[in-house]
Structure formats: C-alpha cells, structure tokens
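Me: I have a structure with two chains to look at and would like to go through it step by step. Can we start with the terms and then take the chains in turn?

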Amino acid sequence: MFTVRIQAEDFDASAEAAALARGRTDIGAVVTFAGLCRADDTPGAAPLNALTLEHYPGMAEEEIGRLMEDARARWPLAGATVIHRHGRLVPGDNIVLVVTASAHRTAAFEAAEFLMDWLKTRAPFWKQEERGEAQSWIEAKDADDAAAERWS
Amino acid sequence: MKIRYFAWVRERIGREAEDIELPEDVRTVAELAAWLAARGEGYAHAFENPRVVRAAIDRHHARPDSALGEAREVAFFPPMTGG
C-alpha cells in the first residue's frame, strides 16, 4: 500500500510501520524515518519555542505522491507511507514520517532517503520559527538542494 | 485565474488568494510575477527578488519561463522548508 497523509494530528511511527507490513509475506525490510522538531541551540540565538508549518493544501499531497511514484520507478517497493504534519509544533513533536517496505534492505533504505531528500526541497511546506517574542521564516538550505540533486 | 500566496509572499502581499483577469500580454510565470509586482507596495516587496520566489501552475512546480496557458490556479511562494 502507498499512502500520503497531510495532517495536524500526531502519528505513531511504529504503528504505521507495523500496518505497512501486516498480513504480507513478501516484505523483508521496513525502514522508518521520523523527523522531529528539535530544540535548536544556535549560539547567540534565543531558544526555539515552536515551529509553525504552513502548507499548500492539495499540492502537498499531490507532490509527495509524485515523489512516491518516482521512488517506485527506481526501487522495487512493496509499500510506503509518508505523513507530514502542519500547524504549530513544539520541540519533541513529530513533524514527518517516511516508511518504506521492500523485499530487501537496500531498496527500503535508499527509497526512504530519496523521499526525504526530495520532500525537503519539493513538498510545499514552509516553517516559521518562534524564538522568544520573535517569529521568522526559516530559509531554505543549499545543503538540502545538494542532497536532493545527488539522486538525479 | 486564481492566484494563491504562501508564507512570506502571502504576508508581504497581505492576502492568501485572489482572482485576477489575466492581461493578454502576460503569458509566463515570470511575466505574471512582474505584472503582480507593479500592483502595489506589498506586491513589490514580495517580488523584490523574483529569482527567490517559486511558483506552481495548477499545483505542479513551474519555472519562470513556464507558460500559463489555460491554468486555473497559479501559486507563488518561497523556497520550501518542510521535512
């Protein structure tokens, strides 16, 4: 099964991974990646209180769906689940989940990394951070573009 | 045509979306951005560095030279920072 969900609610990474493999006997590898909101410790900056994620409803699901199709064309996947949260999240909260399943580990590992790399540069989400009283939009990182480009 | 704005593009323009009547000589994403930038201070601020602003046509990523064609919805937004 291949699923994309965009939601404000939290997710349970282990339950999602178990659901992907349940009842199947052709899956030998499940890779789970969860991205969390981190209490950023940039020197000299006020502590991070929260991140607020804005997204483009409709396009967010569709774009991640397209990335999933690209991943399926490259690796023999038995299933994949991507969940991306939106709204206000505090340090320790889940942000994003990628679960990939395949017969063998290499495909599952690589597809999970491919999905995360492309999701960061192509999925229409924007993070705004709260530090003290100040709110500011996080700038895109060149390192994320470079991570995605290595797959092309 | 419906135009949608996200993140700081939305904040600078001061609205999430609007319906516009597209002038005949506006055919590409870059031409639309330039036309919008001339509509007022907030628009000019949003598009002050047009190379930074990304666009989507009917919920697909587009390039500055992408043709608007019969698009129903065009969106402008900053580089994405999800994940």
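Reply: Two residues are in contact if their C-beta atoms, placed from the backbone, lie within 7 Å. Keep in mind that this is a predicted model.

Me: In chain B, what share of the contacts with a separation of 6 or more comes from residues 24 or more positions apart?
Reply: The count takes the contacts in chain B with a separation of 6 or more. Among these, the part from residues 24 or more positions apart is 53%.

Me: Which pattern does chain B follow along the sequence?
Reply: Chain B has 3 helices and 5 strands. Read along the sequence, they give the pattern β-α-β-α-α-β-β-β.

Me: What radius of gyration does chain B have, and why does it agree with a compact globule?
Reply: The C-alpha trace of chain B spans about 30 × 30 × 20 Å along its principal axes. For 83 residues a compact globule would have a radius of gyration near 12 Å, so chain B agrees with its value of 12 Å.

Me: What percentage of chain B counts as buried?
Reply: A residue is buried if 20 or more other C-beta atoms lie within 10 Å of its own. Of the 83 residues of chain B, the part that counts as buried is 34%.

Me: Which strands stand at the edges of the open sheet of chain A?
Reply: The sheet has 4 strands in the order 1-4-6-2, with mixed pairing. Two strands of chain A each have a single partner strand, so one side of each is left without a neighbour in the sheet. They are strand 1 (2-7) and strand 2 (29-36) of chain A.

Me: Which residue is the bridge partner of A:Val31?
Reply: Strand 2 of chain A pairs with strand 6 (residues 94-102) of chain A in the antiparallel sense, over 8 bridges. In strand 6 of chain A, the partner of A:Val31 is A:Thr100.

Me: What angle does helix 3 of chain A make with strand 6 of chain A?
Reply: Helix 3 (residues 105-122) of chain A packs on the sheet and touches strand 2, strand 4 and strand 6 of chain A. Its direction makes an angle with that of strand 6 of chain A of about 150 degrees.

Note on methods
Residues numbered from 1 in each chain as written. Chains lettered and ligands numbered in written order. Predicted model: local features only at pLDDT ≥ 70, side-chain atom pairs only at ≥ 80, totals over all residues. Rg over C-alpha atoms; globule rule 2.2 N^0.38 Å. Buried ≥ 20, exposed ≤ 12 C-beta atoms within 10 Å, placed from the backbone. Pairing = 2+ DSSP bridges. Axes fitted to C-alpha atoms, helices over the stretch in contact; angles between N-to-C directions.
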